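Welcome! Here is a short briefing to read alongside the sequence and the 3D view. Take a moment to look around first.

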Amino acid sequence: MMNLSTVIACGCRYRTPPINQLLNYTPFLHLHLHLQGRPPSFNNLNLPNFNLLPTGNCLFFRMERFWSGSGINKNKQMVEHLQRYGVISSMKVAEVMETIDRAIFVPDGTSAYVDSPMPIGYNATISAPHMHATCLQLLEENLQPGMHALDVGSGTGYLTACFAIMVGPQGRAVGVEHIPELVASSIKNIEKSAAATLLKEGSLSLHAGDGRQGWPECAPYDAIHVGAAAPEIPQPLIDQLKPGGRMVIPVGNMFQDLKVVDKNLDGSISIRSETSVRYVPLTSRDAQLRGY
């Protein structure tokens with residue numbers, strides 16, 4: 001069995017990094033893989049649980065998810081698994097993910113606690129639990145009570161609800177989604193969740209709009225999360241990030257990195273790559289509905 005301190009995880013929404021990166025991976029590199037069907041499998045490599053996936057002239061690997069199937073049937077069990085595998089190391093992140101039940105935010109009839117992204121309609125998905133946990137961990141210090149958070153591409157509203165719980169009634173959590181139907185359904189989801197009171201009182205809000213432009217009305221933000229890949233970091237999002245704030249955003253086209261963008265107190269910007277990923281593109285509503 002692999003040592004849990006060297007587990008690499010991926011769901012089926014994002015692509016894993018090149019082979020030379022995998023051979024030098026760091027603990028708990030969280031990866032997703034976006035597939036249009038199941039890739040061919042090869043098991044002749046002397047690496048743990050990898051399947052070889054050729055893509056053009058580069059080699060990529062697909063790891064098994066942290067867990068699959070219907071063995072986990074409670075939200076608390078899901079969180080405990082994420083803690084066991086080291087994806088969640090913060091008690092605060094564990095508490096908020098226990099508080100906001102993922103089952104409310106996934107389509108009816110699906111296995112809510114499988115570590116996999118799921119389609120939610122309109123060529124959109126809800127991310128795998130381990131990726132939500134990763135982003136919450138990266139943003140934890142910028143989701144303190146009273147702070148402002150922006151969720152671009154808010155989808156079902158799950159992560160926006162988590163943000164709202166973390167920043168509390170004195171803070172502000174804003175979701176922006178350019179599919180109005182998803183905004184309407186996400187509001188209904190949150191009304192059934194532990195964040196319902198925050199929505200009713202106005203410290204949590206969801207809006208239909210172009211997330212590439214942010215949501216200036218509630219700026220500046222201590223935390224910004226972007227759930228789709230931009231070819232470059234949108235300037236309006238940088239402008240709306242508060243000095244001392246942090247943004248997590250996938251950047252790139254075919255090859256993408258999850259970038260951690262910190263705005264220093266003097267207004268300067270520091271950027272680092274957390275991991276290689278493959279997200280759906282951050283684009284217009286019409287392009288998304290056409291299938292990009």
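Is Phe105 buried or exposed? Phe105 is buried, because its relative accessible area is 2%, and the cut-off for buried is under 20%. Please keep in mind that this is a predicted model.

**The aromatic pair**
- The count of aromatic pairs comes to one.
- Phe105 and Tyr158 make up an edge-to-face pair, with 5.6 Å from centre to centre and 80 degrees between the planes.
- The pair ties together parts that are 53 residues apart in sequence, because Phe105 sits in the loop between helix H3 (91-99) and strand E5 (118-121), while Tyr158 belongs to helix H5 (residues 158-167).
- Tyr158 is buried too, with a relative accessible area of 2%.

**Helix H4**
- Helix H4 spans residues 129-139 and is mostly covered, with 10 of its 11 residues buried.
- Among the buried residues of H4 are His130, Met131, His132, Cys135 and Leu139.

- You will find His225 in strand E10, which runs over residues 221-226.
- With a relative accessible area of 7%, His225 counts as buried because that value is under 20%.
- Leaving aside residues up to four places away in sequence, His225 touches Cys135, Leu139, Leu150, Asp151, Val152, Leu159, Phe163 and Val248.

Note on methods: Residues are numbered from 1 along each chain as its sequence is written. This is a predicted model: local features need pLDDT of at least 70, side-chain atom pairs count only at pLDDT 80 or more; totals for chains, interfaces and linings use all residues. Side-chain values use heavy atoms; hydrogens and water are left out. Helices (H or I, at least four residues) and strands (E, at least two) are DSSP runs, numbered from the N terminus. Buried means under 20% relative accessible area, exposed over 50%, partly exposed in between (1.4 Å probe, protein chains only). Contact means heavy atoms within 4.5 Å. Rings of Phe, Tyr and Trp (its six-membered ring) pair if their centres lie within 6.5 Å; planes under 30 degrees apart count as stacked, over 60 as edge-to-face and the rest as tilted.
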